[in-house]
Amino acid sequence: MPTPHNNAEKGQIAKTVLMPGDPLRAKFIAENYLDSPVCYNEVRGMLGYTGTYKGVPVSVQGSGMGMPSIGIYSWELFNEYDVENIIRVGTAGSIADNVGLRDVIIGMSASTNSAYASQYRLPGTYAPTASWKLLSAAVKAAENKGSCFHVGNIFSSDTFYDDANSLAQWQKMGVLGIEMEAAALYMNAARAGKNALCILTVSDCPLKGLSTSAEERQTTFRDMMEIALETAVNV
Ligand code: HPA
């Protein structure tokens, strides 16, 4: 049955979903990588498609920006549409010194300044963590492609424009990069007993004042997409 945010009928969405933040990226992936893609959602322009990749059904669905937005879409996919695996594909700002522009980051865990975990009323601090099954498949895919990639802790921030300028402190803790969605995705997956992973392309280095052009983002995005798609067909 459709939800307030998704028009798909049950059964229209594959067990594994790739989730870019930008719905037009979802369209790009569907049109450039999937065979026989069918659009199942246009509510709020948050496009979702199902097709096949190497013969395996795969869906791709926009998440929007930030943890409240990916929180809604991923919760519905896990709990209303029987989705088992969500792989976020997005961009990140680098934090660690050795992470450069266009490198790929695979988020093993996601620190956050978000209050998303407070809903679970845990008597301590929760550590949002990727699913080993997806993480290990993604590492194999990245190795096979010969990509320049890093695996580790990322920082999911509630703010893009941050008054406190806290990146240097996260750097001291070995955090690789900053994005805005993974922690909520990992928590939704854990709560639903499902699997999630976040794969990122470094689009900017905020501490060094560097960024990629729109054209470069498109090319490097392809590397990450191929890692995510290989992961999707191997789990
Ligand atoms: N901050 C937050 N999210 C991001 C950034 C950033 O600098 N770059 C890409 N996603």
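A pocket, as the word is used here, is an open set of grid points with protein on both sides within 12 Å along at least five of seven lines, and its lining residues have an atom within 4 Å of a point. The model described here is predicted.

**Second largest pocket**

- The second largest pocket has 14 lining residues, and those nearest its centre are T112, T125, Y126, A127 and P128.
- Its space amounts to about 170 Å³.
- With 4 residues, strand β6 (residues 104-112) contributes the most to the lining of the second largest pocket.
- That lining consists of 7 nonpolar and 7 polar residues, with no charged residues.

**Largest pocket**

- The largest pocket holds about 840 Å³ of space.
- It is lined by 34 residues, of which T91, F160, E179, M180 and D204 are the closest to its centre.
- At least two lining residues of the largest pocket come from each of β5 (85-94), β8 (177-179), β9 (195-205) and α6 (214-233).
- β5 provides the largest share of this lining, 6 residues.
- By class, the lining of the largest pocket has 13 nonpolar, 13 polar and 8 charged residues.

**Packing of α1 with α6**

- Two packed helices are described by the angle between their axes and the distance between the axes.
- For helix α1 (residues 23-33) and α6, the angle is about 65° and the axes are 12 Å apart.
- Angles of 65 to 115 degrees count as roughly perpendicular, and α1 and α6 are therefore roughly perpendicular to each other.
- The crossing of α1 past α6 is right-handed.
- On the α1 side, R25, F28, I29, N32 and Y33 make the contact, while α6 supplies R217, Q218, F221, R222, M225, E226 and L229.
- The contact of α1 with α6 comprises 6 nonpolar, 2 polar and 4 charged residues.

**Packing of α3 with α6**

- Helix α3 (residues 132-145) packs against α6 at an angle of about 130°, and their axes are 8 Å apart.
- This angle makes α3 oblique to α6.
- α3 also passes α6 in a right-handed crossing.
- The residues in contact are L134, A137, A138, A141, A142 and K145 from α3, together with D223, E226, I227, E230 and T231 from α6.
- In the contact of α3 with α6 there are 6 nonpolar residues, 1 polar residue and 4 charged residues.

Terms used
Residues numbered from 1 in each chain as written. Predicted model: local features only at pLDDT ≥ 70, side-chain atom pairs only at ≥ 80, totals over all residues. Heavy atoms only, no water. 1 Å grid on protein atoms, 1.4 Å probe; cavity = no way out; pocket = protein on both sides within 12 Å on 5 of 7 lines; lining within 4 Å. Points joined across faces, edges and corners; volume = space filled by probe spheres on them. Nonpolar A, V, L, I, M, F, W, Y, C, P; charged D, E, K, R; others polar. Axes fitted to C-alpha atoms, helices over the stretch in contact; angles between N-to-C directions. Parallel < 35°, antiparallel > 145°, perpendicular 65-115°, else oblique. Left-handed = near helix turned anticlockwise from the far one by under 90°. Contact = heavy atoms within 4.5 Å.
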